[in-house]
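Hi there,

Here is the structure I promised to pass on. Have a look at it first, and my notes follow below.

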Amino acid sequence: MPKTWLSLTGSDIPATMQGTIFLGNAAEPEPEYYHAFRGRMDERNENARAIGDQQYLYIRNYMPYTPWMQQLSYLWKMKATQTWVAHVESGRASEVESRFFRPKRWTEELYDSRKDPDNVVNLADNPEFEPVLARMRTHLRAWQLQVHESGLLPESEMVKRAAEHDTTIYEMVRNPDLYDLPSLLNAADLALAEDASNLPKLRELLNQTDCGLRYWGIVGCFLLNDVETARKGLTDDSHEVRAMAAWLLVKHGDQEAGLACLKAMLQNQSYATLKILNILDWMDCDEAAPLIPTVRKLKLEKYEERMKQTITHSDIKKI
């Protein structure tokens, strides 16, 4: 819209402004594909990308271990959200109505928006639509490379790396020495495949010097419940890697060691505190319970404080 309004008024349009002029004498052809993204929303960690054409919508979830619907302070104040939650908790909701509160989402989603405008029927696992899926994957990656996709590093690591090199994130992601995007995309694809035959490659990623590659290595091991590798991750220099490794141990291995790692990071004001607090909320209540006293004592910033309130004072049950 901004480019269109500037065009209609005869104003100069900055070369860096994205978008398509869709009205007036300077109207441009409609793009073949449109793109969308989902990143952190206030206190909640999210990471998804989407691409669509006139018929199909493809969504790639880079954090499939989280629910679609996460409790967000401002959203939970809305009567519509409260009614939806109550409907699901009452057991009256249908499978589709309650889907968004599941503890895990699909890694890939593909919808035929002409036949299914509400995007209910996921076609990603339907062999008949494999050509469409492959086409969407290819074009999504091309777009990510074109715009210098910056979301392949966890946000806390992205901010930390830019500060360490006295640069902006915009400049950093355009410097292949600081941000190797093709390698990060490959590592993410390997992790999200959830293929046990990839375990040797995922474990090797944990030996890389780039914390982003190590992060995707631990994500892949997390999705495959690789407890053996999780123990190694507990001592990683990256707090994001350490947090994911600890969560894996809490879920499937050594709960005491995993919780001790998370507790130590919280008490030492980890730069990944917001992610750790999100992880505690993604855990089962019984798993997270031993750390609630620690969380209550924390002195936190705005969004971290909101997560603290969600974890320690929420009167809305997990579904």
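To start with a detail of the sheet: which residue in β3 stands opposite alanine 48? The answer is asparagine 61. Please keep in mind that this is a predicted model.

That pair belongs to a wider arrangement. Strands β2 (residues 48-52) and β3 (residues 56-61) pair in the antiparallel sense, with five bridges between them. The open sheet has four strands in the order β1-β2-β3-β4, and the pairing is antiparallel. From one strand to the next, the twist averages 15°.

Next, helix α9. This helix covers residues 211-223, and its 13 residues reach 18 Å from the first C-alpha to the last, close to the 18 Å expected at 1.5 Å a residue. Of its 13 residues, 13 are buried (under 20% relative accessible area), so α9 is largely enclosed by the rest of the structure. Its N-terminal end is capped by aspartate 210, with a side-chain oxygen 2.7 Å from the backbone nitrogen of glycine 212. Just after the helix, asparagine 225 takes a positive phi of about 55°.

Finally, the largest pocket holds about 1200 Å³ of space. Its lining counts 44 residues, and Arg49, Glu149, Ser150, Gly151 and Met158 are the closest to its centre. Helix α9 turns up here too, among the elements that give two or more residues to the lining. The largest share, five residues, comes from α5.

Enjoy exploring it!

Best wishes

Notes: Residues are numbered from 1 along each chain as its sequence is written. This is a predicted model: local features need pLDDT of at least 70, side-chain atom pairs count only at pLDDT 80 or more; totals for chains, interfaces and linings use all residues. Side-chain values use heavy atoms; hydrogens and water are left out. Two strands pair if DSSP finds at least two bridges between them. Axes are lines fitted to C-alpha atoms, for helices over the stretch in contact, and angles run from 0 to 180 degrees between N-to-C directions. The expected span of a helix is 1.5 Å times one less than its number of residues. Buried means under 20% relative accessible area, exposed over 50%, partly exposed in between (1.4 Å probe, protein chains only). A polar contact is a pair of N or O atoms within 3.5 Å; within protein, one must be able to donate a hydrogen and the other to accept it, and residues adjacent in sequence count only if both atoms are side-chain atoms. On a 1 Å grid over the protein atoms alone, a cavity is a set of points where a 1.4 Å probe fits but cannot get out, and a pocket is an open set with protein on both sides within 12 Å along at least five of seven lines; lining residues have an atom within 4 Å of a point. Grid points are joined across faces, edges and corners, and a volume is the space filled by probe spheres set on the points.
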